[in-house]
Amino acid sequence: MSATVTRLQDAVARKSHDQQAVAERLSLREVFRAVRSETERRAAPLSPEDQVVQSMADASPTKWHRAHTTWFFEQFLLKEHLDGYPVFDERFGFLFNSYYVAAGPRHARPRRGLLTRPTVAEVASYRAHVDAAVERLIRDADAPTFAKIAPLIEIGLHHEQQHQELLLTDILHAFAQNPTAPAYNANWRPPRVSADSGVVEIPEAIHNIGHAGPGFHFDNEGPAHRELVGPVRIARALVTNAEWLEFMRAGGYTRADLWLSDGWAMVTNEGWEAPGYWRKIDDRWHAMTLRGLQPVDPGAAVCHVSYYEADAYARFAGKALPSEAEWEVAARTGELDDAYGVVWQWTRSSYSPYPGYVAPPGAIGEYNGKFMVNQMVLRGASHATPNGHTRATYRNFFYPPSRWQFTGLRLAEPVA
Ligand SMILES: [Fe+2]
């Protein structure tokens, strides 16, 4: 009798374990489909001609983003883990490898816009081929293989989400070169922002910084460690266009004393007199947006400013940019307005490894670690950041002169 009960209990446990395993695979497949289709949704308003253009070396064509995110799964997942996987086209590895030296030679980044072939339609077939293979692998992998591939699929999806944001920032840069200022989305509006003039007070304390516990994070968000933060006040609100116009009226772009030397060199060499994409038409400032050229909205957050501009503005305001640790501690209080979903916020922290950071072995270790020099950290997320891609510990990074991303700022004030 008791042996029968035990057998029955075992069978029930096995069944529930099997059901759990099936549910895990189905849920991964659903997330995979959702992320892959979001890329296609973002590319859908763009014609084949739009999708080929590369307007500068730092920006990539839409078609390239669609193919490169697909290559990532082919290279790091399917070739390694799906027995008998037929590579879609052996030449694509060269064309769509971005910067992974360990994954082989690659096409020069500034020449991505010269790839009229493969066509947009062929890239769509490439995506379908890889999607079907990934779904097959999710369904059929044995348990030990599934345990290995699930984290690779997860990183591939977060990688694709990063490219979804770049797809928009890069097409905006391309459209900004067009004298007709095309709209990516005729209904786009700048996100509403808080006008709260308050601050979040961070008393001096040792805080845990970086990602700890469950949930996905990139390697550069760890190891979690302790850091002395504060005392500091962090502005609840983002800096707005109205405030930026005051800075401009006060001669912000003409006063060398407000600028770092490299920043002042950019101002003089590039003729900067306003944020990126701003143009004066009939004595009124306009900005190139995803909705085309629009009058600058004073109530919106300032966007497309470089680190140099953010730093100069902070000096003008008699304040500072927050460090990334200050930003993270303030964000965790839940009292920052518009921490996510409007603009990435420059911090005064240079992009460096956290104490004890070691890049993972192999090609995937090139993802973040090799870029940890000469760039500045941005925190938060922008209105172009896909849902599910925001975290208090997320470390974005760009070079100080860059301003084609959706970048803005909030201020900090050290407490004496
Ligand atoms: Fe990439």
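**Helix pair H4/H5**

I started with how H4 and H5 cross, and the crossing is left-handed (the near helix is turned anticlockwise from the far one by less than a right angle; clockwise would be right-handed). This is a predicted model, where local features need pLDDT of at least 70, side-chain atom pairs count only at pLDDT 80 or more, and totals for chains, interfaces and linings use all residues. I also noted that residues are numbered from 1 along each chain as its sequence is written, and that side-chain values use heavy atoms, with hydrogens and water left out.

H4 covers residues 120-140, and it packs against H5 at an angle of about 145° with the axes 11 Å apart. Helices here are DSSP runs of H or I with at least four residues, strands are E runs of at least two, and both are numbered from the N terminus. The axes are lines fitted to C-alpha atoms over the stretch in contact, and angles run from 0 to 180 degrees between N-to-C directions.

Which residues make the contact? From H4 I listed Arg-127, Val-134, Leu-137 and Ile-138, and from H5 Phe-146, Ile-149, Ile-153 and Glu-160 (contact means heavy atoms within 4.5 Å). I sorted them into six nonpolar, no polar and two charged. For that sorting, Ala, Val, Leu, Ile, Met, Phe, Trp, Tyr, Cys and Pro are nonpolar, Asp, Glu, Lys and Arg are charged, and the others, Gly among them, are polar.

**Iron site**

Next I looked up the iron ion. Its protein donors are the NE2 atoms of His-68, His-159 and His-163, lying 2.2 Å from it. Donors are N, O and S atoms within 2.8 Å of the metal (3.2 Å for Na, K and Ca), and water is not among the atoms, so sites may look incomplete. Along the chain the spacing reads H-x90-H-x3-H. His-68 sits in H2 (residues 62-81) and His-163 in H5 (residues 143-176), so this pair ties together parts 95 residues apart in sequence.

Buried or exposed, I asked of His-68? It is buried at 1% relative accessible area, and His-163 also counts as buried, at 11%. The cut-offs are under 20% for buried, over 50% for exposed and partly exposed in between, with a 1.4 Å probe and protein chains only.

**Strands E5, E6 and E7**

Last, I checked E6 (residues 284-289), where five of six residues are buried. E6 pairs antiparallel with E5 (residues 278-281) over four bridges, and likewise with E7 (residues 292-295) over four bridges. Strands pair if DSSP finds at least two bridges between them. I noted Lys-280 bridging to Trp-285, and Thr-289 to Gly-292. In the E5/E6 hairpin, with two residues between the strands, Asp-282 takes a positive phi near 50°.
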